[in-house]
Amino acid sequence: MEGLERGEEGEILRYEETEDDNVSPTDLSELLKEGTKESHDRAENTQFVKDFLKGRIKKELFKLATVALYFTYSALEEEMDRNKDNPVFAPLYFPLELHRREALVKDLKYFYGEDWKEKIQCSEATQPYVDRIHHVGQHEPELLVAHAYTRYMGDLSGGQVLKKVAQRALKLPSTEEGIQFYMFDNISNAQHFKQLYRARMNALDLDKNTKERIVEEANRAFRFNMQVFEELDKIGRSLTEAAQDGGFPVHDGKGDLCKCPYYADKLGGKAGPGCPYHAAVALAKQPLVQLILAACVAVAAGAAAWYIM
């Protein structure tokens, strides 16, 4: 979701292109801008992101995306805290302005309730991302800037677009429950803060080789994000609209009953007589039920006609 921002005409812009371009080609911010262009393009064109931007986001998927973000930022901010005095990262340590973990906890409480910790787990695609962040923080802290840059600069840019889309598409409260992740209450001007952050990045005492490694690590971070997007897209294709409001997924009547999401989620893939879809279909095929349904339709039609008159 990084790197997306809408201009006045609604077009999508890279967040770097909205900044002051008075920089040297050897500055880290410029190297990252140029060196991650292809990754930006691929991330923006994943199906999950394209659907999200169009407002085609299911609530269940949004919740799972929030879970993935929680584990990602918990790892990132743990390692940032570990390296807050390390000269290779210290100038970029802005916990009050940037840290997202507590905001994500609020969102998870909203979506899952007070016992949210018992209802979530790190996904298969998110875990390697989390593991890599911990490795970098503990063994190659000079690369931590790549992960911070990829996440926070995107959150301050394209993330603000996604906030509005999610609030509208999911009919979330105007009081901003469920989207606290996107709220940066301690940053009064995102544009100015991003300029400050880039200036701090450029002032880091790094040699050419280290800068190249940071660019490669940023591209690796984008790949991790894309893997999470692809995982969410795959899950999204298995969900029906019935799951959108947080209810149980309902089998659509196609394919193997044993693969019914209802059973996959609740019964470990073992089919039984309780699938809502098949129970409803079987009931509807009964002659008596069909007669009752027909009578109900006739009564409803008559009532509608009376109301219209």
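**Exercise 1.** Is tyrosine 73 buried or exposed, judged by relative accessibility?

*Solution.* The model is a predicted one, and in it tyrosine 73 has a relative accessibility of 0%. Since buried means under 20% relative accessible area, tyrosine 73 therefore counts as buried.

**Exercise 2.** Classify the aromatic pair formed by tyrosine 73 and tyrosine 152, and state which parts of the chain the pair links.

*Solution.* Searching the whole structure gives 14 aromatic pairs. One of them joins tyrosine 73 to tyrosine 152, with 5.6 Å centre to centre and 65 degrees between the planes. Centres within 6.5 Å qualify as a pair and planes over 60 degrees apart count as edge-to-face, so the tyrosine 73 and tyrosine 152 pair is edge-to-face. The pair links distant parts of the chain, for tyrosine 73 belongs to helix 4 (residues 59-82) and tyrosine 152 to helix 8 (residues 144-155), 79 residues apart. Tyrosine 152, at 0% relative accessibility, counts as buried.

**Exercise 3.** Classify the pair of phenylalanine 181 and tyrosine 182 from its ring geometry.

*Solution.* The ring centres of phenylalanine 181 and tyrosine 182 are 4.9 Å apart and their planes stand at 75 degrees, so this pair is edge-to-face. Both phenylalanine 181 and tyrosine 182 are buried.

**Exercise 4.** Identify which charged residues lie over the rings of tyrosine 112 and phenylalanine 184.

*Solution.* Over the face of tyrosine 112 lies lysine 63, at 4.8 Å from the ring centre. Over the ring of phenylalanine 184 sits the charged end of arginine 100, 3.8 Å from the centre of that ring.

Methods:
Residues numbered from 1 in each chain as written. Predicted model: local features only at pLDDT ≥ 70, side-chain atom pairs only at ≥ 80, totals over all residues. Heavy atoms only, no water. Phe/Tyr/Trp six-rings, centres within 6.5 Å; stacked < 30°, edge-to-face > 60°. Helix = DSSP H or I, 4+ residues; strand = E, 2+ residues; numbered from the N terminus. Buried < 20%, exposed > 50% of the residue type's maximum accessible area, 1.4 Å probe, protein only. Lys NZ or Arg CZ within 6 Å of the ring centre and 35° of its normal.
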